[in-house]
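Thanks for passing this one along. Here is the model once more, so that we both have it in view while going through my notes.

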Amino acid sequence: MDPVTIETDRLVLRAFTSADVDAVYEACQDEEIQFYTPVPVPYRRADAEKRIGEDLPTGWSTDKSYTLGAFRKDSGALVGSYCLFVVMPGVWELGYWAVKEQRGHGYSVEAARALCHWGWATLDVHRIEWWAMVGNVGSRAVAEKLGFTVEGILRNRGIANDGKPHDWWIGGLLKP
């Protein structure tokens, strides 16, 4: 599938381009993004270049993951990265991170809601999952505002960038 553009009242969600490398690099210097998401640590400019130039386009072309950057309409500032990726037939996972300075304004809920609505309308999906490391209260708040039901805790589900196993929350959102 070719990348799409989705607009909300305050945001434009679109594929990242090479012009966004610096903004992604700067955002991913945030310690919370580095701890709670699977980005390389340290996060180098070359990581942003590879992600934008290779990894994300491959996701779209193979129909395995669809990642869009969310940008404010009023300033063009990067708000964050929002993606849906296939877990198994009919089940997709919602993933996101938000630029530190853009948190707390409802942008992540707005962007993620728009992406989920696009997924329901476009993809063969009956369930969207959300996973977050226990302690990532911002991610959990967004998921709950979107209507996800937190279904449990997976003990020692994954190794974080600190090299230690951590518990993870899992939530589900069923097709309306």
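The points below go from the overall fold to two individual residues.

1. A word on conventions first. This is a predicted model, in which local features need pLDDT of at least 70 and side-chain atom pairs count only at pLDDT 80 or more, while totals for chains, interfaces and linings use all residues. Residues are numbered from 1 along each chain as its sequence is written, and side-chain values use heavy atoms, with hydrogens and water left out.

2. The protein has 5 helices and 8 strands, taken as DSSP runs numbered from the N terminus (helices are H or I, at least four residues; strands are E, at least two). Read from the N terminus, the order is β-β-α-α-α-β-β-β-α-β-α-β-β.

3. The C-alpha trace spans about 40 × 40 × 35 Å along its principal axes.

4. Of the 176 residues, 47% count as buried, meaning under 20% relative accessible area with a 1.4 Å probe and protein chains only. Among contacts (heavy atoms within 4.5 Å) with a separation of 6 or more, 59% join residues 24 or more positions apart.

5. As for charge, there are 19 positive and 24 negative side chains, and the centres of the two sets lie 4 Å apart. Lys and Arg count as positive, Asp and Glu as negative, and His and the chain ends are not counted. Each charge is placed at NZ of Lys, CZ of Arg, CG of Asp or CD of Glu.

6. Now to S81, which sits in strand 4 (residues 78-88). S81 counts as buried because its relative accessibility is 9%. Leaving aside residues up to four places away in sequence, S81 touches F16, T67, L68, G95, Y96 and W97. The C-alpha atoms of S81 and F16 are separated by 8.9 Å, although the two residues are 65 residues apart along the chain.

7. What does the side chain of T8 make a polar contact with? The partner is the side chain of E110, at 2.4 Å; a polar contact here is a pair of N or O atoms within 3.5 Å, one able to donate a hydrogen and the other to accept it, and residues adjacent in sequence count only if both atoms are side-chain atoms. T8 is in the loop between strand 1 (6-7) and strand 2 (11-14), and at 13% relative accessibility T8 counts as buried.

Note on methods
Buried < 20%, exposed > 50% of the residue type's maximum accessible area, 1.4 Å probe, protein only.
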